[in-house]
Amino acid sequence: MENIIDIAKKINIDEKDLEIYGNDKAKIDYTNYKNFTRKGNLILVTAITPTKAGEGKTTTAISLVDGLNKLKKKAVVTLREPSLGPVFGLKGGGTGGGKAIIIPEEDINLHFTGDIHAITSINNLIAAFIDNEIFQNSPLNLNPDRICFSRCLDVNDRSLREIETCLSSKSGPKHKSTFVITSASEIMACFTLAEDLDDFVNKVNDILIGYSFDNMPHYVKELHLENAIKKLARHAIKPNIVQTLYGSPCLIHGGPFANIAHGCNSIIATDLALKLADYVVTEAGFGSDLGMEKFFDIVCSKFDLKPKLVVLVVTINALKIHGGVAYEDITKNNVEAVLSGTENLRHHLHNISCYNVDSVISINVHDSDTKEEINALTSYLDDLNIKYALNTSFKDGQDGSINLSKLVIDKIDDSNSDFKPIYTDDMDLYKKIEIISKNMYLSDSVIYTDEVKTQLDELKDTRYSNYKICISKTPMSISDDPKLINAPHNILHINSLRVFHGAKFIVPMSGSIIAMPGLNKNPRGKNMKD
């Protein structure tokens with residue numbers, strides 16, 4: 001492992017701009033680079049619809065940067081910070097795998113430099129002050145039954161989805177409340193979309209906290225917490241720098257989920273990387289229907305980012321599952337299932353094409369893949385004239401991604417990308433939702449509950465009409481039903497709506513999606529290795 005000061009020098013970050021956390025991690029004073037010009041080529045790593053087998057999207061992003069740096073290109077990877085919920089739940093850590101990892105793994109997967117703790121603290125400070133306003137009968141005259149602001153924790157805990165507070169009258173009027181996981185909170189959304197500390201505080205100030213008894217809306221700014229929020233966020237707002245196993249620089253900052261929130265690392269980290277490196281690799285959560293769509297339509301559109309290339313991650317195992325094979329049988333040779341599952345692959349290629357951005361495919365190779373299966377997939381891609389590379393970096397490290405890295409360089413040098421979002425801000429809210437669902441999810445129609453229709457009708461002629469759309473949906477299917485595999489035509493069901501006044505987007509909740517995950521029967525937190 002190299003000293004973090006030396007890692008920072010690789011992208012011309014001066015030691016005086018580092019806030020050191022030991023020899024292996026640091027925060028960057030990004031303000032000294034705000035006037036730099038973006039020069040890097042932006043590359044997004046996404047995937048086909050995820051499966052239980054795991055496709056290796058983060059692994060691909062890390063290995064691609066390692067390969068680019070080995071080819072003497074100045075490359076950086078920007079990633080989200082792992083949440084403790086998945087780390088101790090079903091998914092596990094978020095630092096890659098095999099020989100394509102970022103280090104120090106355990107620190108990054110746990111408390112890291114305290115960013116998520118700071119976001120949680122800001123969120124719950126606001127929640128405490130809201131309840132204090134109610135208890136003190138303040139001039140805000142808040143109605144405890146119409147509070148819109150949720151508490152949050154960085155854990156998976158279904159028991160906190162619906163709670164009742166103030167069970168003793170001495171604590172104030174009894175009322176219902178809820179917890180969301182920190183990664184799904186509006187504070188996290190504001191954090192990752194903020195351009196600097198002041199912008200973050202301004203966004204948080206615009207968050208709706210609830211309504212008074214006379215039906216007047218009230219916002220965080222009325223709690224007068226600006227300086228308290230600024231103090232809690234003053235270190236967290238600085239992006240973190242660490243390294244890959246092979247010494248490539250990695251900026252990790254922010255961590256919204258893509259199935260509940262917008263699924264991308266902070267704009268501060270991405271913007272900084274684009275100013276310091278020639279190639280910037282980032283990844284957005286889950287498949288192209290979720291993380292990619294939100295990265296393109298929310299982040300790139302808002303901050304004038306021009307992605308040059310999408311790397312679509314594919315595995316033989318995932319294709320077999322989409323082709324109808326049970327998870328227990330995916331190691332068995334099954335060419336027919338591989339070819340059947342390419343319908344899912346083809347749909348994700350369609351999703352990318354909607355944005356007029358070039359793409360290549362990374363075939364992440366597993367030991368169980370047979371020559372017949374790989375040949376069937378590569379022949380299929382050859383017939384479609386789609387460029388691909390086999391990626392063996394999990395096993396072979398930096399050398400395993402060289403072919404992918406060369407392909408990426410060649411594709412960018414010959415790029416025809418001319419990025420454009422799939423909807424514009426002036427479109428009707430219903431239209432925005434339906435464009436996303438039709439193109440990204442193969443939905444033939446959208447069904448809204450009466451309550452959601454009422455909310456949308458109230459919003460469409462107000463200042464919220466130009467907000468972005470951030471649909472919360474299962475990652476396990478392109479539909480809102482996790483049991484529907486491959487590429488089924490479907491109907492999208494919008495059952496509730498969250499309005500992020502601070503982050504400036506509307507969150508339609510589809511299917512059975514919820515903002516506080518639960519633990520599975522055998523969560524990874526049990527009997528963890530030393």
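Residues are numbered from 1 along each chain as its sequence is written, and side-chain values use heavy atoms, with hydrogens and water left out. Because the model is predicted, local features need pLDDT of at least 70 and side-chain atom pairs count only at pLDDT 80 or more, while totals for chains, interfaces and linings use all residues.

**Cores**

The largest nonpolar core has 119 residues. A nonpolar core is a set of buried Ala, Val, Leu, Ile, Met, Phe, Trp, Tyr and Cys residues joined through side-chain atoms within 4.5 Å. Buried means under 20% relative accessible area, exposed over 50%, and partly exposed in between (1.4 Å probe, protein chains only). The residues with the most contacts inside this core are Ile126, Phe200, Ile241, Phe295, Phe296 and Leu345. Helix H5 (residues 115-135) gives the most to this core, with 8 residues. Helices (H or I, at least four residues) and strands (E, at least two) are DSSP runs, numbered from the N terminus. Apart from this core lies another, of 30 residues, including Val77, Ile102, Val242 and Cys250. In general, nonpolar side chains tend to be buried together in soluble globular proteins.

Phe296 touches Leu44, Ser301, Pro307, Val310, Tyr355, Val357 and Phe419, leaving aside residues up to four places away in sequence. Contact means heavy atoms within 4.5 Å.

**Strand S3 and its partners**

Strand S3 (residues 41-47) is largely enclosed by the rest of the structure, because 7 of its 7 residues are buried. Asn41, Ile43, Val45 and Ala47 point one way, and Leu42, Leu44 and Thr46 the other way. S3 pairs in the parallel sense with strand S16 (residues 279-283) over 5 bridges. Strand S17 (residues 307-314) also runs parallel to S3, joined by 6 bridges. Two strands pair if DSSP finds at least two bridges between them. Ile43 stands opposite Val281 in S16, and its bridge partner in S17 is Leu309.

Val314 also belongs to S17. Val314 counts as buried, at 1% relative accessibility. Val314 touches Ile48, Leu319, Leu345, Ile361, Ser362, Ile363, Asn364 and Leu377, again not counting residues up to four places away in sequence. The C-alpha atoms of Val314 and Cys300 are separated by 24 Å, with the two residues 14 apart along the chain.

**A second sheet**

Four strands form an open sheet of mixed pairing, in the order S20-S22-S23-S21. Strands S20 (443-448) and S21 (468-469) are the edges, each pairing on one side only. S21 and strand S23 (residues 505-510) pair in the parallel sense over 2 bridges. Ile469 has Ile506 as its bridge partner in S23.

**Backbone sites**

Two residues other than glycine have positive phi values.

The peptide bond from Ile103 to Pro104 is cis, with omega near 5°. Pro104 sits in the loop between strand S6 (100-103) and helix H4 (105-109).
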